[in-house]
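Please review the model shown here before reading the notes on its chains, interfaces, domains and secondary structure.

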Amino acid sequence: MQTLRHFTHLKDFSPAEFLALADAARALKKTSPKGAPLAGKSLAFCFMNPSLRTQVSCEVAAASLGGHPITLSLGAGGGGTWGMESVEGSVMDGAAAEHLKEAVPVLGRFCAALGLRSFPAGKSWDEDKAEPALTAFRKYSTVPVINLESASGHPCQALADLVTIQERMKPRGKNFLLTWAPHVKALPMAVPNSAVEMASMAGMNVTIARPEGYDLDPEVMKRVADNCARQGGTLNVTDDVTAAYDGRHVVYAKSWGSLRNYGKPPSADADFRAKWMVTPAKMKRTDSALFMHCLPVRRNVVVADAVLDGPWSVVIDQAENRLHAAKAVLLHLLTQTSKTAAPRRTIR
Amino acid sequence: MQTLRHFTHLKDFSPAEFLALADAARALKKTSPKGAPLAGKSLAFCFMNPSLRTQVSCEVAAASLGGHPITLSLGAGGGGTWGMESVEGSVMDGAAAEHLKEAVPVLGRFCAALGLRSFPAGKSWDEDKAEPALTAFRKYSTVPVINLESASGHPCQALADLVTIQERMKPRGKNFLLTWAPHVKALPMAVPNSAVEMASMAGMNVTIARPEGYDLDPEVMKRVADNCARQGGTLNVTDDVTAAYDGRHVVYAKSWGSLRNYGKPPSADADFRAKWMVTPAKMKRTDSALFMHCLPVRRNVVVADAVLDGPWSVVIDQAENRLHAAKAVLLHLLTQTSKTAAPRRTIR
Amino acid sequence: MQTLRHFTHLKDFSPAEFLALADAARALKKTSPKGAPLAGKSLAFCFMNPSLRTQVSCEVAAASLGGHPITLSLGAGGGGTWGMESVEGSVMDGAAAEHLKEAVPVLGRFCAALGLRSFPAGKSWDEDKAEPALTAFRKYSTVPVINLESASGHPCQALADLVTIQERMKPRGKNFLLTWAPHVKALPMAVPNSAVEMASMAGMNVTIARPEGYDLDPEVMKRVADNCARQGGTLNVTDDVTAAYDGRHVVYAKSWGSLRNYGKPPSADADFRAKWMVTPAKMKRTDSALFMHCLPVRRNVVVADAVLDGPWSVVIDQAENRLHAAKAVLLHLLTQTSKTAAPRRTIR
């Protein structure tokens, strides 16, 4: 019996499989597939948190392939649904009116694949790391599940990010910087986790610049280190946010919350913010690096206008590639018969 | 002149007509219709209350038939519309910014059919029973109206329920139990009303188990009694929630509010809840009955996990059949030329 | 290089171009275009404020032309997105999580056209008149932008209004009354502005009846006066709300807020309301005028039931024409190659 394929965590994919998906996305950007490969199929994209790029890229991807996208606000009340329970054995006499043990298989009877965005609650990393909603989707679904950003990862973003880099360079051996950035909130770690997993799978030399107390989850770091070892890249972590830019080919900026002070917003101190914000002065230390960010981005907090509006920025292309990545993921999950992602290709 | 057809209340259909719709739904589950019978048609599904199965089953049904579904949050503000007035002659200087006397015919100019979900307000049964919004839709619409659950009924659910039973037995002469169940809120009576109307139209022997004070509306009971008399079934009402399970072929569980203490939640007393919750012990008294519930269901309040996860439960199939029922209703309303529902067939 | 075409302000169109669009809308009402001219195109309709007719007419128009409509709640949180910034150079440490400088070009990578509804904030007319969100959409978009009602205008409504008049009379030389009407809120001036701009472009004699202090913006009045001068119509402003109806062929009712007491609701005095409400007695002074309103309308505050339900009212046709106007606008923006709106035609 064939295992049900999902697209929820990068760790489920070998570097070769993930790079093959990126190849497929780049090919789909150039040429639309013939016919309507998703004709007759409905897709439910479920959001427990707000979205712009993810919703629209998924809807357009599905529609462009002939499918019918449905965007659902799960657990939002009002125009959305009631609260959803994920714990097995619960006595449901509280706020949640439905268990995912029913909701997920029901959606699977109506739809050919299910997407889920579910952010961390921000109270306990242990609880958030268990990803109760996404885990329930994987457990109860009879159709493929797509992670549209969970507590630990954002694989659709990582796929679009890889495509964006590949359009401009062969990533293997190039220097990738993930830099922590200031923010007004304690943001999820999904994007930084997936960014360094992606870069390490692509054979890049990974540097992470972050303040003390802002280390990524050790399990993620372990996977990144393993990837780097296997793919021939290096891995460094530093708090020297200036030197970290030297000689970089890609600068990926993102704010995230501290695991040490979980759920607490970072310091709003002006000097601290100035130190960590991405600026033209920092970018000029790089080897004409690409500036990348998953968006939405707070201008002049995370990054200076002059960087976003300058020659380094590829953030709009990066967002566009979410569409082509979504098409590749949908076709991978819904139209291929082999268990592997796609024909294995030489890693670029 | 032909009367405009709606699908709003089971009482508008003869048993033969309703059973013919179920035949159509079962046929549509096996074979999709050729072509795109709803091509060029848009359908507006209007929700004044939250939904999951209803929204998605209607959207997928419409899309799978080639139509374009539009889901609207009516009266919700924010991402939805302003409040809607339904009383004729109102001086509209309050919260409602639009009268259904305009909104409904306007939607009818854009769309080939209109669905409406409008729950009771829970203050006065007399007011709720008048179903002001649904009545206004029927009165003002120039296109077919589908009831997506009103104060008094949920006919799409009843159609799916009948299909679910028919897939497993010939309902005529079989024993159907509607059992009241505990809950944290005073829920609408739409589903229990429609469930017993459906069972009585299908020729089943109907038993209703409910606590004192939880009788269904007398008009509904009169119709059910008449149906039973005509179709050869029996009708019993009891508060002996244990004996009621004996020899049943179908157990349909649902909580609903009391007409005597209208809008008040039922007792949260642990013994009372334990007495009325559906359990494996109760199910074992049946003749290997199907366990049915319209969902969403509160686990371990309405029904024990071991029933929902056990051999009795058909709730996921029941939910899937909402899709096929919706397809049958849409085709019935939008593609047939005769005034009757479908060719009359022998009642199963 | 060809200038990007938008449909955001009537002042961007010559009378001939605007009338040609109305011709196209009337033709599309009679005959659907062959094939699916928007096949493969997604359209994003972005709402910062609630909508009924606009959302549904845009969705149905796009779908009927083979396109894929996406309705987005921008800045609404919950089922929608986070807040949006529009000011250049902002330090985004407040509520807005994304700048339109990113959001708009990103949507333009996914979609072939973008619609925006953004009402005035109601605090300062100078700020509202600058239309920060719509201006940002025009500035940052790489695809056509459609104004779905801004602070200063509602051109899709005006196009539908012109079609509605043309279906019943040749507008040139006919008498058009825009009458202010009572309301519980200080409403935007978009519709009255566009209504008189439309009437003046169509060569009608324009009268505006309004209480002292409710004059429209001088820039709009200047354009209307210029249009009247060029098209051979007359322009009058009066507070004699009774005589204003004499001999009119069209009565267009609308409430709007005062520029003098900006953002303050109009008087709720019963006599004042009675004086300005549209009544059968007033309508009987007209030359069997059409009664027009953009909807939603507050019955018995803006207009008496007997007018809305009487022989004068064309409000439902007017709403339906939003659909045909939307189709004409989409085809104009997305399928024509010349810079002008359409072949110039003799003005009707």
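The briefing below treats chain symmetry, interfaces, domains, sheets and a helix contact in turn.

This is a predicted model, in which local features need pLDDT of at least 70, side-chain atom pairs count only at pLDDT 80 or more, and totals for chains, interfaces and linings use all residues. Residues are numbered from 1 along each chain as its sequence is written, while chains are lettered from A and ligands numbered from 1 in the order in which they are written. Chain A superposes on chain C by a rotation of 120 degrees, and on chain B likewise by a rotation of 120 degrees.

**Symmetry of the chains**

- Two copies of a chain are related by a rotation about an axis and a shift along it.
- Superposition is by least squares on the C-alpha atoms of residues with pLDDT of at least 70 in both copies.
- Chain A and chain B are also superposed by a rotation of 120 degrees with 0.0 Å of shift along its axis, at RMSD 0.0 Å; 11% of the contact residues of chain A recur in chain B, and the copies use different surfaces.
- Only 11% of the interface residues of chain A are also interface residues in chain C, so these copies meet through different surfaces.

**Interface of chain A with chain C**

- The contact takes 28 residues from chain A and 27 residues from chain C, two residues being in contact if their C-beta atoms, placed from the backbone, lie within 7 Å.
- On the side of chain A that touches chain C, helix 2 (53-64) and helix 12 (315-335) of chain A each supply at least two residues.
- Helices (H or I, at least four residues) and strands (E, at least two) are DSSP runs, numbered from the N terminus.
- Helix 2 of chain A gives the most to this side, with seven residues.
- The side of chain A that touches chain C comprises 15 nonpolar, seven polar and six charged residues.
- In this classification Ala, Val, Leu, Ile, Met, Phe, Trp, Tyr, Cys and Pro count as nonpolar, Asp, Glu, Lys and Arg as charged, and the others, Gly among them, as polar.

**Interface of chain A with chain B**

- Here 27 residues come from chain A and 28 residues from chain B.
- Strand 1, strand 2, strand 4 (96-99) and helix 3 (100-110) of chain A each supply at least two residues of the side that touches chain B.
- Helix 3 of chain A provides the largest share of that side, seven residues.
- By class, the side of chain A that touches chain B has 12 nonpolar, 11 polar and four charged residues.

**Domains of chain A**

- Chain A is divided into domain 1 (10-153 + 322-335) and domain 2 (169-313), with bounds from an automatic or database domain assignment.
- The C-alpha centres of domain 1 and domain 2 of chain A lie 26 Å apart.
- Their contact takes 17 residues from domain 1 of chain A and 16 residues from domain 2 of chain A.
- Helix 1 (residues 15-30) of chain A supplies the largest share of the domain 1 side, three residues.
- The side of domain 1 of chain A that touches domain 2 of chain A has eight nonpolar, five polar and four charged residues.

**Parallel sheets**

- In chain A, an open sheet of four strands has the order 2-1-5-6, with parallel pairing; strands pair if DSSP finds at least two bridges between them.
- Its edge strands are strand 2 (68-73) and strand 6 (145-147) of chain A, each pairing on one side only.
- The twist in this sheet averages 20 degrees from one strand to the next.
- Strand 1 (residues 42-47) of chain A runs parallel to strand 2 of chain A and is joined to it by six bridges; Leu43(A) stands opposite Pro69(A) in strand 2 of chain A.
- Chain B likewise contains an open sheet of four strands in the order 2-1-5-6, with parallel pairing.
- Strand 1 (residues 42-47) and strand 2 of chain B pair in the parallel sense over six bridges, and Cys46(B) has Leu72(B) in strand 2 of chain B as its bridge partner.

**Helix contact in chain B**

- The axes of helix 1 (residues 15-30) and helix 12 (residues 315-335) of chain B come within 8 Å and cross at roughly 115 degrees.
- Axes are lines fitted to C-alpha atoms, for helices over the stretch in contact, and angles run from 0 to 180 degrees between N-to-C directions.
- Residues making the contact include Leu21(B), Ala24(B) and Leu28(B) of helix 1 of chain B and Ala325(B), Ala328(B) and Leu331(B) of helix 12 of chain B.
- The contact of helix 1 of chain B with helix 12 of chain B has seven nonpolar, three polar and two charged residues.
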